[in-house]
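Please walk me through this structure.

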Amino acid sequence: MLAKREIWQYRDEVRIWAGKYRNSHNLLHWHYDCELIYVEQGGIDVFCERRRHALSVGQALFIDSGQVHHMQASVPGTVLIVFVFDAGVIRHFANGLKLPSPMLNGSYPIPSVYAELRRVLAEKRRFYGAEAGCIVARLLVEIYRREGAVPREQDDKTAQSFIRLLEEIDEKYQYITFDDAAAFMGMSPAYFSRYFHGITGITFSQHLNYVRTDNAIRLMRSDASLSFTDVAEQCGFGTIRSFNRIFKELTGFSPSRLPPDFSLEEYSYYHSEKSFDPTLVGCELIESSD
């Protein structure tokens, strides 16, 4: 599974976005903004902080700045309320602290806060950005108090190293190895294997194969003169036989029969050097503060 940084693009003076999604399903990703999700209808599974969290109606989860995560609706028609905001909105009281678990134990008035926030963002009265920040900060103060915030520890440094590793894999996918990755994290091979699977839900080898295959598809489309042997070599596959086998396993097609408009089903996203949208086909934005 590909893993990239998502960069939120806010509008005007406001460093907050609020909206609703139907059937949320996205790729492994991270962002330096904070995200709060609340299940209004249905249910969703969220992978965050090395655990799968199963949320049902009325439950909420807080994704802190820099936490690697992905999610998938577990019930058709699932509707989420989502807040995304700059970490600076809560830094004055949350700096150096984190919640014991992303999944919230308490019950919070998130739907009513959402309605208030949407009204403020729609009216755009003078200083509305500051007002919106106060609304979000007030809710998060209550959450941090009731959930019992704890000091950030060594695990947070490890999580940041893991993000850097994912970036390293994106840059050096042609030749990076499992041992290289374990050494980068300062972990024994056995511990790194468990850690990687705990964060992503897949093995390092599976992740690397996805990255290499995704880049192989891009290379094939950008330069039709390249032979499949050239593509295999440039994307880090050891042999043409290995390339053909892994390519077909992940796409369902041999390289020579790949449809011109094909995209890996799980990786249909907008990609550029500056931004990344992890949202997958089937996930629908039904309300937005933009």
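Tyr191 is partly exposed, with a relative accessible area of 37%. Tyr195 is buried, at 5% relative accessibility. Here buried means under 20% relative accessible area, exposed over 50%, and partly exposed in between, for a 1.4 Å probe and protein chains only. This is a predicted model: local features need pLDDT of at least 70, side-chain atom pairs count only at pLDDT 80 or more, and totals for chains, interfaces and linings use all residues. Residues are numbered from 1 along each chain as its sequence is written, and side-chain values use heavy atoms, with hydrogens and water left out.

Both tyrosines sit in helix H6 (residues 189-200), four residues apart, so about one helical turn separates Tyr191 from Tyr195. Helices (H or I, at least four residues) and strands (E, at least two) are DSSP runs, numbered from the N terminus. The rings of Tyr191 and Tyr195 form a stacked aromatic pair, 6.4 Å centre to centre with 25 degrees between the planes. Rings of Phe, Tyr and Trp (its six-membered ring) pair if their centres lie within 6.5 Å; planes under 30 degrees apart count as stacked, over 60 as edge-to-face and the rest as tilted. The structure holds 16 aromatic pairs. Ring pairs also link Tyr191 and Tyr195 into a cluster with Phe162, Phe178, Phe192, Phe196 and Phe204.

Next, helix H5 (residues 178-185). Its buried residues are Ala181, Ala182 and Met185. Seen down the axis of H5, they fall within an arc of 100 degrees, so they line one face of the helix. That arc is taken from the directions from the helix axis to the C-beta atoms. Exposed Asp179 and Ala183 lie on the face of H5 turned away from the buried side. Just after H5, Gly186 has a positive phi of about 70 degrees.

Now the strands. E5 (residues 43-48) and E6 (residues 51-56) run antiparallel, joined by six bridges. Two strands pair if DSSP finds at least two bridges between them. Asp45 stands opposite Ala54 in E6. The hairpin of E5 and E6 has two residues between the strands, and Glu49 takes a positive phi near 55 degrees there. E5 also pairs with strand E8 (residues 69-73), antiparallel, over five bridges. Phe47 stands opposite His70 in E8.

Last, a helix pair. H7 (residues 204-222) packs on H9 (residues 240-251) at an angle of about 95 degrees, with the axes 10 Å apart. That makes H7 roughly perpendicular to H9, a label for angles of 65 to 115 degrees. Among the H7 residues that meet H9 are Tyr210 and Ile217.

How values were computed
Axes fitted to C-alpha atoms, helices over the stretch in contact; angles between N-to-C directions. Parallel < 35°, antiparallel > 145°, perpendicular 65-115°, else oblique. Contact = heavy atoms within 4.5 Å.
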